[in-house]
Amino acid sequence: MNSRRHFLTGAGAITGAVAAASVSRVAMAALPEPVIQDQPDTAPPLAPPNGRPYDPVVTLNGWTLPWRMNAGVKEFHLVAEPVVREMAPGFKAHLWGYNGQSPGPTIEVVEGDRVRIFVTNKLPEHTTIHWHGQRLPNGMDGVVGLTQKPIPPGKTFVYEFTARRPGTFMYHPHADEMVQMAMGMMGFWVTHPKGRHPLIEPVDRDFVFLMSSFDIEPGSYTPKVMTMLDFNLFTFNSRIFPGIASMNVRKGDRVRIRAGNLTMTNHPLHLHGHEFTVTGTDGGPTPPAARWPEVTTDVAVGQMRQLEFVADEEGDWAFHCHKSHHTMNAMGHGVPTMIGVDHRKVVKEITDLIPDYMVMGERGMSDMAEMEMPLPDNTAPMMAGQGPFGSLEMGGMFTVLKVRREQPPGDYRNPDWYKHPAGTVAWEFTGSLPASPRAPAAGNGAAPPHRPAGKQDVEVRVRKPGAANPHGGHDH
């Protein structure tokens with residue numbers, strides 16, 4: 001974290017008036033000093049140095065914004081500005097964000113806190129901030145033209161309200177929203193309960209991330225902001241696998257994962273090896289009678305979900321969006337399906353002219369994860385990421401929950417890959433199949449066919465490439 005100081009204590013009292021102010025030296029002298037983050041790694045939880053106590057969250061590949069206390073008010077300073085975000089090692093994007101990163105820092109407060117957020121605009125156009133899900137005075141809701149004037153470039157506005165209810169929230173612009181969110185402007189907000197809450201259980205690990213999507217052509221740096229649906233990078237906190245940090249926990253920990261969706265489509269989040277319950281939304285904690293076990297929960301556009309479970313199975317467990325195209329990274333989505341098409345003749349003719357020509361996808365796309373084909377500079381490879389058994393053939397919205405017996409409490413360091421006990425990994429069968437007794441009417445392993453009267457053609461059969469079909473199975 002690049003911080004000149006985390007807090008400015010005694011730097012000049014704020015009058016408390018909610019008003020716009022220019023970013024002059026005099027005005028800046030009274031503001032909390034902006035804290036900038038220039039590292040893409042997951043920062044350790046920020047233990048509250050003052051104010052009401054709470055159990056802090058961990059922002060995946062992100063951080064929590066420090067504050068200062070001023071006459072009982074918790075003051076933050078967000079700076080909207082162009083940023084460079086490393087989405088994965090070797091691949092960087094030119095985005096807009098807050099305090100050096102996209103998404104911006106997580107804001108953590110406690111139920112009942114009076115909060116004052118200074119927002120300085122260093123973008124080339126006006127902006128606002130909407131505090132998604134909050135109960136607040138109408139004039140603090142951040143909708144340009146409806147509840148406030150825009151924050152012009154070079155100006156600072158102040159938002160002030162009381163965090164009235166505990167829960168999981170987010171913030172994002174409500175001015176030129178399509179462009180500013182496509183450029184990565186968003187952030188997480190957590191309001192902790194002020195005491196024991198009947199619907200909120202204490203947990204040992206509390207992870208947060210926002211889902212976002214971008215359309216960045218291979219070799220480019222800046223998202224195409226006019227894209228409406230056909231995005232090619234799907235991210236957790238603007239990071240793509242294998243650049244996303246793993247969630248490292250101790251066996252037996254009670255784990256909470258808070259996720260928000262600021263993309264243009266829904267995302268079914270799927271956890272391997274455990275069942276969870278949805279314990280909260282941006283509407284607040286869910287009552288126990290409304291909870292049931294799940295391994296996948298859908299997060300619609302603009303929604304938050306809060307998942308909880310006990311990590312009682314050791315190992316490296318996948319956690320990902322179950323839309324397969326959201327776990328593959330950038331590529332040309334207009335590539336035709338070539339599975340089963342025999343290219344041998346045409347490939348021979350082309351390689352006589354272009355020796356390096358290769359066919360994509362005639363046996364599926366897993367080859368793409370293994371081969372090292374040349375890519376333009378600043379391009380995320382498709383389906384990358386190596387595990388202990390080879391390529392994971394994944395990208396985008398994918399990470400790993402690492403459950404370890406020996407992980408110390410409060411330790412979020414990566415414990416490396418899981419060491420499987422002997423005999424607990426799927427193995428190759430190399431023996432001969434024993435003869436199985438069959439009933440005389442069972443046939444040769446196939447169910448007896450049922451054919452409607454007069455129907456002669458076989459409707460279902462195994463299709464094998466061979467001499468009978470010179471095209472390898474495709475009849476075209």
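Me: Which residue stands opposite threonine 399 in β24?

Reply: Keep in mind that this is a predicted model. Phenylalanine 319 stands opposite threonine 399.

Me: Which strand runs parallel to β24?

Reply: Strand β14, residues 247-250, runs parallel to β24, and four bridges join the two. Look for arginine 250: its opposite number in β24 is arginine 404.

Me: How many residues of β20 are buried?

Reply: Six of the seven, so β20 (residues 304-310) counts as mostly covered. Strand β15, residues 254-261, pairs with β20 in the antiparallel sense over seven bridges. There, alanine 259 has arginine 305 as its bridge partner. Strand β17, residues 277-281, also pairs antiparallel with β20, over four bridges. Valine 278 of that pair is partnered by leucine 307.

Me: What is the strand order in the open sheet of four strands?

Reply: Read it as β6-β11-β10-β8, with mixed pairing. The edges are β6 (107-110) and β8 (130-132). Each has a single partner strand, so one side of each has no neighbour in the sheet. On average, neighbouring strands of this sheet are turned by 25° against each other, ignoring direction.

Me: Which residue stands opposite tryptophan 131 in β10?

Reply: Tyrosine 171. The strands involved are β8 and β10 (residues 167-172), paired antiparallel over three bridges.

Me: Now the surface. Which residues form the nonpolar patch?

Reply: Met228, Leu229, Met264 and Val301. Together they have about 450 Å² of accessible area.

Me: Is leucine 229 buried or exposed?

Reply: Exposed, because its relative accessibility is 65% and the cut-off for exposed is over 50%.

Me: Where is leucine 229 placed?

Reply: Leucine 229 is in the loop between β12 (205-214) and β13 (233-236).

How values were computed: Residues numbered from 1 in each chain as written. Predicted model: local features only at pLDDT ≥ 70, side-chain atom pairs only at ≥ 80, totals over all residues. Heavy atoms only, no water. Pairing = 2+ DSSP bridges. Patch = residues over 30% accessible without salt bridge, like charges linked within 9 Å, V, L, I, M, F, W, Y side chains within 5 Å. Areas by Shrake-Rupley, 256 points an atom, 1.4 Å probe, with all protein chains shown as cover. Salt bridge = Lys/Arg side-chain N within 4 Å of Asp/Glu carboxyl O. Buried < 20%, exposed > 50% of the residue type's maximum accessible area, 1.4 Å probe, protein only. Axes fitted to C-alpha atoms, helices over the stretch in contact; angles between N-to-C directions.
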